[in-house]
Number of protein chains: 2
Amino acid sequence: MKGPVPPGTNTVNNMENITIAHGSGGKATDQLIRDIFFKYFKNNILDEAGDSAVCDLTGGKIAFTTDSFVVKPVFFPGGDIGKLSICGTVNDIAVTGAIPRYISCGFIIEEGFPVSDLREIVKSMAFWAEKSGVMVVTGDTKVVEKGEADEIFINTSGVGTFPDTGRVLRKRNISRGDKVIISGTIGDHGLAVLSQRKGFEFERSICSDCAPLNGMIASVLEGVDDVSFMRDPTRGGLATTLNEITGPGLGVLLDEVKIPVAREVKSASELLGLDPLYIANEGKILVIVPPGSERRTLDIMRRSEYGENSETIGEITGDDAGKVCIRTRLGVTRIIDMLMTEQLPRIC
Amino acid sequence: MKGPVPPGTNTVNNMENITIAHGSGGKATDQLIRDIFFKYFKNNILDEAGDSAVCDLTGGKIAFTTDSFVVKPVFFPGGDIGKLSICGTVNDIAVTGAIPRYISCGFIIEEGFPVSDLREIVKSMAFWAEKSGVMVVTGDTKVVEKGEADEIFINTSGVGTFPDTGRVLRKRNISRGDKVIISGTIGDHGLAVLSQRKGFEFERSICSDCAPLNGMIASVLEGVDDVSFMRDPTRGGLATTLNEITGPGLGVLLDEVKIPVAREVKSASELLGLDPLYIANEGKILVIVPPGSERRTLDIMRRSEYGENSETIGEITGDDAGKVCIRTRLGVTRIIDMLMTEQLPRIC
């Protein structure tokens, strides 16, 4: 910061809302960065304030991922866009078998957005980054005029490293007969956001499951040496994620009665005509393991934070067409296809 | 892709505009990704289609950077948002002394955006990624409703590695007496975008300088072993960038007559009341070197693609307050401060 700020000038401290000046790359941007981003994400790498962060790495491979978050509203029961943006990227790295290390964040903010809300979001990001053991090491802020974006969008990208003994989990490791395990109830996140957005009042309020799962994932990988694959069933839900991991010669057969769905999620879904199988989760993983490791995996997951309701919900089949099927409560088997369109836009 | 798409269903091939379905994580998203992103960014890492890309790395350090691009309009003389999003991140990595390797891209697209425009943008990204030697290895797409974003925003994050013999360029290496070299004319990018946006007609059209500079940067680092620092003067222009790199005990003294400004940029700036010192560049680097290496650095830069108009424009001074000053054509010295607000919003 170069010299005193003229009196009456907009600064983050004496103003309430984001202005175009905060995205100018000039003094107001500088102040915003120092007063909010550097303050809460404080670490040696970020403090260098270079165009790129310079990060130490061990090992010859990294996991690299990116996700943009446009959730509406930005605060919802169980989380906010900041928590979501950290946990989502941490989980995407962790499911590949890597240890999440470094996070970047890119903000696109609508002029007029309250600085107090931005501060809460960044504090939430910093809290969840610390909880999941990652460092926010680089960032960027753009501000667009009123009406050119809706409140705030956050991109986080992440880099993870593989432990010396680690394997990269890839789809091609999945085999016929493998068990499909989910770490808990499905549909919570999507319905929590939707009910907040629409002002629905349910008998019991629905909370997002948004959470960092790298701890549970590391425990599973430590205790089970033949995990086939993992993935977090986010946008598009369990059904879409399972459709993505099947392929020629490998299908999935789910057992509907085994799939954990919270009572309030079940009744709200029925009321709204939504299928929990397609509703986004933000704190769940699917773990696919050979049958011999099912018991051990379930035990580890159930003892882990965020995994107490883990259940085996189906298995990998030799279905030629690579379809995902479900055996319903009535004993009928039906195909669970990918949806063409969006059940719930802006859910993450 | 799971089985045939029902007739009449919206697919990227038979439709013209982006719909909410393209951001659903379902079939339409899948098709959009395959028909456009996978097609143009084709590489083995991206083809894995995992939640994170798994990338090989050598060396124990990486450079990691992120940037969101919100430029308006998305096509402008000399470039487009896609070219900008690749070159911007490539340059941010290269100025730290690292070799740009892997790029992620996160798209936030307004419903109704023409798929043909998206295709052009992605082709442009793929072209410039190949030209600059980087791979786009992971991505994400969100679609928001009409009016919730303005056309398209792109975030790119990037990872670079340091050559075995390489040094990390950091601000703290800058010394009193170092020479400040710019790789060519300033202000071209900002004025090109502005004139396209406003429909200004100048005598000679102004073209953006948007370009990948990693080739020139690598040549300089190869040929000059005591480079102090580098940075690309983007948003906020030369003045803002120089203000960011000064600090207590280190100022900058620029020589106005030495700063290259194209004739058309000079006259357009005067007409519009803008100062080229504060206008964004997207294809220029500032190189700071000890005086003994000035000649050699200039020679290398002038022989490099995009560097033919390189000039020494000033030097690092022992100014106590860390100010950036300029000796004007009239022989007067004045302070060049950071701006508080934005001369030109959405310029990158």
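**Close-up views of a two-chain predicted model**

**View 1. A strand pair joins the chains.** Strand β2 (residues 61–69) of chain A runs antiparallel to β1(B), and four bridges link the pair; strands count as paired if DSSP finds at least two bridges between them. In this pairing, A:F64 faces B:A53 of β1(B). Helices (H or I, at least four residues) and strands (E, at least two) are DSSP runs, numbered from the N terminus. This is a predicted model, in which local features need pLDDT of at least 70 and side-chain atom pairs count only at pLDDT 80 or more, while totals for chains, interfaces and linings use all residues. Residues are numbered from 1 along each chain as its sequence is written, and chains are lettered from A and ligands numbered from 1 in the order in which they are written.

**View 2. Here is the contact between chains A and B.** Chain B brings 74 residues to the contact and chain A brings 74 residues; residues are in contact if their C-beta atoms, placed from the backbone, lie within 7 Å. On the side of chain B that touches chain A, β2(B) gives the most, with eight residues. That side of chain B holds 27 nonpolar, 26 polar and 21 charged residues. Here Ala, Val, Leu, Ile, Met, Phe, Trp, Tyr, Cys and Pro count as nonpolar, Asp, Glu, Lys and Arg as charged, and the others, Gly among them, as polar. Of the interface residues of chain B, 97% are also interface residues in chain A, so the copies meet through the same surface.

**View 3. Now look along the rotation axis.** Chain B is superposed on chain A by a rotation of 180° with 0.0 Å of shift along the axis (RMSD 0.0 Å), by least squares on the C-alpha atoms of residues with pLDDT of at least 70 in both. The two copies are thus related as by a two-fold rotation axis. Within chain B, the residue closest to this axis is B:A149, with its C-alpha at 2.0 Å.

View 4. In chain A, 21 residues of domain 1 touch 23 residues of domain 2. On the domain 1 side, α3(A) supplies the largest share, eight residues.

**View 5. Helix α6 of chain A has a buried face.** Along α6 (residues 214–223) of chain A, the buried residues include A:M216, A:I217 and A:V220; buried means that 20 or more other C-beta atoms, placed from the backbone, lie within 10 Å of a residue's own. Among the elements that the buried residues of α6(A) pack against are α3 and α4 of chain A.

Note on methods: Contact = placed C-beta atoms within 7 Å. Buried ≥ 20, exposed ≤ 12 C-beta atoms within 10 Å, placed from the backbone.
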